[in-house]
Each structure stands twice: as C-alpha cells, then as structure tokens.
Amino acid sequence: MSKALIVCGEKKHAGGKIVKVCVKIFEDLVKGVVISGDFFVDPAEDFEELLQELAKIEVKREEVTALVSELLKKKKLDFSGITMEDVVEVLSRVLQQNQESFLKDFSS
Amino acid sequence: MSNSRSLRVFVAEWPENQFFNLAFEEVFYTESKQPTLRFWRNDKVVVIGRFQSPPLEINAVEARDLGIKLVRRFTGGGAVYHDLGNVNYALTLPGYNLSIEESFSVVGSAVVEALSSLGVNKVYYRPLNDIEVDGLKVSGMAACRSHDRVFIHGAMLVSSDISILWKVLKISREKLSDKKFTQSRVKRVTTVNEVLGKTVRPEELYKAISEALSRKLGLEIEWSEPQKSELKKALDLYKKKYATLEWNLKYVDEVRDLVSDEEYEALKEIARPSEKQEKFIEVLGLE
C-alpha cells in the first residue's frame with residue numbers, strides 16, 4: 001500500500017510576511033491543504049472557514065490550484081503582509097514536488 | 001462612571017498561566033466597552049499566530065525540555081517568545097474603524113514615542129508590524145478587527161533571554177546554518193535594556209506607552225482594573241478554548257506524517273496547562 005506524501009513549501013513576500021503551504025498527496029489525489037504563516041487576514045473567521053474546508057479537500061492533483069484559487073477569490077479576503085497570488089504560487093510550486101519535503105523555499 | 005473621552009488603563013497579568021493570559025486577552029478584545037489598554041507579562045511560552053501550524057514553527061522537544069509552553073492567540077502574525085523579561089501591551093478601541101495597517105501605524109508610532117521618551121535613540125516604526133532600534137527588532141505587533149472595533153497588541157523585549165528564541169523557533173534553526181538566509185530571513189533582535197545600557201522597570205514602560213497613546217488618541221488616562229465579570233468570562237474561555245489541544249494544536253493533524261512521535265508527544269505536553277497551572281487557576285476563586 002502506498003503512503004500519503006506530504007510536501008511543504010514557503011515564500012517570503014518581499015519586505016513582508018511568510019506563507020507556508022503543505023499538501024497531502026495520495027496517489028494522484030490531494031487530500032488536504034494547509035496554509036500557514038505569519039501574515040494577517042481580515043476577516044479572520046472567513047479565512048479560518050476556508051482552512052477547515054481545505055484540510056478536508058479531496059481533489060485531483062492537477063485541479064487543486066484552480067480550486068483553491070477560486071475559493072480564495074470567493075471569500076474576498078483582505079491579506080496583509082502577503083497576497084493571494086503568493087498563496088497560489090507556493091501551492092502550485094509545492095505540487096510540482098515529488099519527494100517529501102519540509103518547507104522548501106520558493107522566495108525569489 | 002467613566003466617560004467616553006478617557007483611555008482605561010490597567011495591568012492585568014497571570015504569568016504563571018499563559019493559557020489564562022491569552023484567554024483574558026480575547027475577552028479584553030470582545031468585551032471592552034471603551035478604549036482600554038492592558039499591560040501584562042507571561043512566563044516562558046511561545047505564542048503562535050492564529051493561522052500557524054505549530055510543527056512548522058516550533059521545536060517542541062526543545063521547548064518541552066526548557067519548560068516552555070505553547071499557546072495560540074486569536075490574532076494573525078508570527079510566533080513570538082515571551083518570558084518575564086518581555087512586556088505586552090494590548091489596546092482595544094470600540095467604535096473605531098481602522099484597517100489593520102492603520103491600526104499598526106497608530107500604535108507603532110506611539111510605542112516609538114514612548115521609547116524615545118525613555119532615551120532610546122534611532123527607534124522607528126517599520127511597517128507592517130515591527131518597531132526597530134537601528135535595524136534591530138525590539139517589538140512586534142499583531143492586530144485584528146471586527147465590525148465595531150479594532151484591537152492591536154504587541155510584545156516588547158525588555159530583558160528577555162534572546163538566545164532561547166533561536167532555540168525554539170523553527171525557522172532559525174534551519175535557516176541559520178544557511179548563509180543565504182542569515183541576513184534576509186532571520187530578523188535580528190535586541191532588548192530595551194541592551195540599547196539603553198541600563199535596567200528599565202516595566203512600570204516605566206507602562207507609563208510611557210500609556211502617555212504616548214493617550215496623546216495620540218486624544219483620550220485622558222484613567223487607571224483602572226479588570227471587572228470580575230471579565231475575569232469570569234476569561235475563565236470560561238480558558239476552559240473551552242485556550243487550555244485545549246483542539247485550539248492550540250490546530251493544523252497539526254494535517255501534517256502529522258511530518259512530525260516524529262517524540263515531537264508529537266512534546267507538542268501535546270506543552271500545548272496544555274500543567275497540573276500546577278490548573279491549580280493556580282482554581283485558587284483565583286473565579287467560580
């Protein structure tokens with residue numbers, strides 16, 4: 001039986017905050033996305049709701065970036081220290097990894 | 001009865017129980033009926049931001065061995081280390097409609113004024129949420145807002161043991177050895193006592209910060225104390241939220257496979273009050 005793979009990556013927004021993304025992959029399915037970091041989001045409750053949804057997500061690997069991006073847009077969140085694009089960028093780069101990794105750095 | 005043009009100020013702290021300190025902080029945010037400023041200290045603890053996954057931030061085994069606890073706060077931002085050499089300030093402004101950025105700027109500039117008045121040179125507010133002395137961070141802030149109020153709190157290093165910070169916060173351990181990160185990623189910090197070359201008492205800071213904020217906000221200082229009803233609500237929140245693994249270890253299960261069993265056990269130990277700390281709450285006699 002194959003084991004779930006967890007890949008993580010992070011990015012520091014220039015002059016700003018860090019966003020960390022971890023994805024749990026099982027075969028060709030993504031079974032959970034974690035977005036962590038030292039940024040601020042308003043409203044916090046709406047972002048938390050999104051995090052709950054993402055933790056239980058189950059979607060094809062190639063579809064997850066578009067889905068997360070859509071969910072983020074729908075929530076109309078106001079990020080401070082990072083941007084929504086940073087989150088999506090780290091997620092899409094993390095998904096290109098095929099080995100278990102602890103916070104691979106994607107800062108430019 | 002207090003009037004609306006005053007700034008209620010009090011020192012309310014339970015350093016012996018970091019979980020209760022954070023529970024009170026949330027009640028302080030949601031329940032304050034007028035602009036209110038709180039000063040407080042914590043014993044050894046890493047306080048993580050609302051959206052942080054603990055295993056990605058803290059060396060739990062190291063923290064456990066050093067007797068350091070872990071609590072999640074209700075504001076965003078990054079992990080900070082508190083000990084008795086760190087002073088916390090918190091400001092609730094009911095009826096104020098400020099963005100997160102504006103809130104940081106108001107409090108940040110007041111704290112800068114306060115430090116200047118105590119003789120600190122080259123001190124400035126660095127957006128988004130830092131106060132620095134000549135390139136070294138001395139205080140960090142976090143904030144949140146709701147439909148009818150804003151809240152800003154900050155931690156100021158006065159005489160903290162900075163070396164502990166690097167031992168328990170994860171980023172530093174992994175990045176410190178890598179030259180590429182030493183400048184850009186690991187923020188260098190200092191303490192108020194270090195830059196002044198003398199010992200500053202917490203009370204001096206409390207006075208300087210309240211005076212600066214009172215000027216900035218145009219409100220008159222009114223020294224006060226928390227109400228019994230606020231303490232009772234804090235106790236309730238302590239039990240339901242801040243003393244629980246469910247809250248403090250949120251976003252751990254999702255990355256459980258990355259965490260060794262030893263680390264996981266350590267996380268569970270540091271993220272809830274010890275027996276002694278539970279007893280301490282009992283003797284407060286709030287029930």
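Among contacts in chain A between residues at least 6 apart in sequence, 61% join residues at least 24 apart; two residues are in contact if their C-beta atoms, placed from the backbone, lie within 7 Å. For chain B, the share of such contacts that join residues at least 24 apart is 78%. The structure is a predicted model, in which local features need pLDDT of at least 70 and side-chain atom pairs count only at pLDDT 80 or more, while totals for chains, interfaces and linings use all residues. Residues are numbered from 1 along each chain as its sequence is written, and chains are lettered from A and ligands numbered from 1 in the order in which they are written.

Confidence comes next. The model scores ipTM 0.92 and pTM 0.93. The average pLDDT of chain B is 92, and 93% of its residues score at least 70; pLDDT is the predictor's confidence in each residue, from 0 to 100. Over residues 172–185 of chain B, however, the pLDDT is below 50, and this stretch has 11 contacts in the model beyond near neighbours in sequence.

Chain A contains three helices and seven strands, and its order along the sequence is β-β-β-β-α-β-α-β-α-β. Here helices (H or I, at least four residues) and strands (E, at least two) are DSSP runs, numbered from the N terminus. The C-alpha atoms of chain A fill a box of roughly 40 × 25 × 20 Å along the principal axes. A compact globule of 108 residues would have a radius of gyration near 13 Å, and chain A agrees, with 13 Å. This radius is taken over C-alpha atoms, and the globule rule is 2.2 Å times the number of residues to the power 0.38. Of the 108 residues, 40% count as buried. A residue is buried if 20 or more other C-beta atoms lie within 10 Å of its own, exposed if 12 or fewer, and partly exposed in between, with C-beta atoms placed from the backbone.

Chain B has 13 helices and 11 strands. Its radius of gyration is 18 Å, close to the 19 Å that the globule rule gives for 287 residues, so chain B is as compact as a globular protein of that length. Of these 287 residues, 48% count as buried.

Helix 1 of chain B is mostly covered, with 11 of its 14 residues buried; among them are B:Phe19, B:Ala23 and B:Tyr29. Leaving aside residues up to four places away in sequence, B:Ala23 touches B:Ala234, B:Leu237, B:Tyr238, B:Lys241 and B:Tyr242. B:Ala23 is also one of the residues that touch the most other members of the largest nonpolar core, which has 119 residues. Such a core is a set of buried Ala, Val, Leu, Ile, Met, Phe, Trp, Tyr and Cys residues joined through C-beta atoms within 7 Å. Helix 4 of chain B supplies the largest share of this core, nine residues.

Finally, the two chains meet. The contact takes 23 residues from chain A and 21 residues from chain B. On the side of chain B that touches chain A, strand 9 of chain B gives the most, with three residues. By class, that side has nine nonpolar, six polar and six charged residues. Ala, Val, Leu, Ile, Met, Phe, Trp, Tyr, Cys and Pro count as nonpolar, Asp, Glu, Lys and Arg as charged, and the others, Gly among them, as polar.
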